[in-house]
Amino acid sequence: MASSAVSKLNNLSSWVVMSTVHDPALRRRNARIRMAASSNSGSGEVAVAFEEGQLERPKWTGETPLSRLVGAIISFKPLYSVLKLGARQVLISTAEKTSIPWREMTKDVLESDVYEEMEIIEDRSIVYPDYYLNPFHAYDEGNLSWLAAAEAEAATMSMVRRAIPYASSLDEANQIVRGNWLQAIESHRQKYSGNSSINDIIDIGCSVGVSTRFLADKFPSANVTGLDLSPYFLAVAQFKEKRNIQRKDPIKWIHGNGENTGLPSKSFDLVSIAYVFHECPERAIKNIVKEAFRLLRPGGTFAVTDNSPKSKILQELSPVLFTLMKSTEPFLDEYYLTDLEGTLREIGFVTVQTVMTDPRHRTVTATVPY
């Protein structure tokens, strides 16, 4: 029974990829995105306005009948196991059908000397929050495993390709997804932080350091720190950084809790949180925002990029896909129901701005007042 269901889900993952590739309307929309990104490259503004849905958030979140039905399906353990495996197969299939060598990249990490970095990076005094010990992304150990860490970069690449399905390459997709995110940060800083420079950056929830490296490349004169609760992810981040890039000012990696970093107040000009909050309960989101406010200097910039509740694509996901998604994201509902902009204002941030930076994701920026 279970093997039959898995087989159907594997077939579904192939259908998801191929139907996306051949949809004429989406292909035309992506062509417009590419043209806009190319014509506005380096302008400091987000290249194009992405389409929002008619709702404030997807109808499969919150206390709706559809959401309750999905929750009931996921809570049935035998079916949950099948859904979890199916979600994983969709990710891997999407990656490898868009030329991302998922299995090869994973093997490269797992058969390397990455394990030695754990001895350097891990803070054994860390007490993990209860929510962090939940299964995430089809891993029973959540983010506290070598397999999750080894697959994280390929999964991130796959996320970018899913966001821009008709990009001719990963680089082109990154120009839109990562480029617009960085442009939103730079535009906000120029408008609301005067001529102050970015000397110190912290990337909270940095995972294996993909977003951290983009920040370091964008602001090459800054001191950049990546902080994460998973020593496995940080070991991979540090290993890859040592192996691939020699920077004048190497990225500093810290094993720590974004809710209470223990770092000095007013010590950063930019706090970035990329694709983290959808994995957090509301209480953790609010605590991380408070900590970011404490860490930033007056005039400093706070930037969050993550799923947009108003994304037309996310609001119109097929029932199978949003059920698969929710089966691996235990706090997705809490994220979508959190008033992030209101939380920022309540804590003391000003000039709170939200912009869709690709068809699936928003970037929210804000400033600590002088």
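Predicted model: local features only at pLDDT ≥ 70, side-chain atom pairs only at ≥ 80, totals over all residues.
1. Before you look at the helices, one term: a crossing of two helices is left-handed if the near helix is turned anticlockwise from the far one by less than a right angle, and right-handed if clockwise.

2. Start with the whole chain. It has 370 residues, and 56% of them count as buried. The secondary structure comes to 15 helices and 7 strands. Take the contacts with a separation of 6 or more: 78% of them link residues 24 or more positions apart.

3. Now find helix 4 (residues 77–96) and helix 7, whose axes are 9 Å apart and meet at an angle of about 65°. Here is the term from point 1 at work: helix 4 passes helix 7 in a left-handed crossing. On the helix 4 side, the residues in the contact are Arg88, Leu91, Thr94 and Ala95, and they meet Leu147, Glu151, Ser158 and Arg162 of helix 7. Sorted by type, the residues of this contact come to 3 nonpolar, 2 polar and 3 charged.

4. Stay with helix 7, but look at its other partner here. Helix 7 covers residues 146–163 and packs against helix 10 (residues 231–244), with about 45° between them and 8 Å between their axes. Are these two helices parallel, perpendicular or oblique to each other? Angles under 35 degrees count as roughly parallel and 65 to 115 as roughly perpendicular, so helix 7 and helix 10 are oblique. Their crossing is right-handed. From helix 7 come Trp146, Ala148, Ala149 and Glu153, facing Tyr232, Phe233, Ala235, Val236 and Lys240 of helix 10. In this contact you'll find 7 nonpolar residues, no polar ones and 2 charged ones.

5. Next, strand 5, which runs over residues 296–307 and holds Thr301. Is Thr301 buried or exposed? Its relative accessibility is 0%, so Thr301 counts as buried. Apart from neighbours within four places in sequence, Thr301 is in contact with His188, Arg189, Ser193, Asp269, Leu270, Val271, Leu296 and Ala366.

6. Thr305 is in strand 5 too. With 0% relative accessibility, Thr305 counts as buried. Which residues does Thr305 contact, beyond those within four places in sequence? They are Trp181, Ile273, Ala274, Tyr275, Thr357, His361, Arg362 and Thr363. Arg362 is worth a click: Thr305 and Arg362 are 57 residues apart in sequence, yet their C-alpha atoms are 5.6 Å apart in space.

7. Go on to the segment after strand 7 (361–367), where Val368 sits. Val368 has a relative accessible area of 6%, under the 20% cut-off, so Val368 is buried. Setting aside neighbours within four places, Val368 touches Phe293, Leu296, Arg297, Pro298, Gly299, Gly300 and Phe349. For another sequence-versus-space example, take Val368 and Ile347: 21 residues apart along the chain, and 9.9 Å from C-alpha to C-alpha.

8. Ser267 is in the loop between strand 3 (252–255) and strand 4. Its relative accessible area is 16%, so Ser267 is buried. Not counting residues up to four places away in sequence, Ser267 touches Asp200, Leu295 and Arg297.

9. Last, a look at backbone angles. Most residues other than glycine have a negative phi. What is phi of His137 near? The value is near 55°, a positive one in a residue other than glycine. His137 lies in the loop between helix 6 (115–121) and helix 7, and counts as partly exposed at 24% relative accessibility.

10. Tyr275 also has a positive phi, near 55°, and is a residue other than glycine. Look for Tyr275 in the loop between strand 4 (268–274) and helix 11 (282–295). With a relative accessible area of 15%, Tyr275 is buried.

Key. Residues numbered from 1 in each chain as written. Heavy atoms only, no water. Helix = DSSP H or I, 4+ residues; strand = E, 2+ residues; numbered from the N terminus. Buried < 20%, exposed > 50% of the residue type's maximum accessible area, 1.4 Å probe, protein only. Contact = heavy atoms within 4.5 Å. Axes fitted to C-alpha atoms, helices over the stretch in contact; angles between N-to-C directions. Parallel < 35°, antiparallel > 145°, perpendicular 65-115°, else oblique. Nonpolar A, V, L, I, M, F, W, Y, C, P; charged D, E, K, R; others polar.
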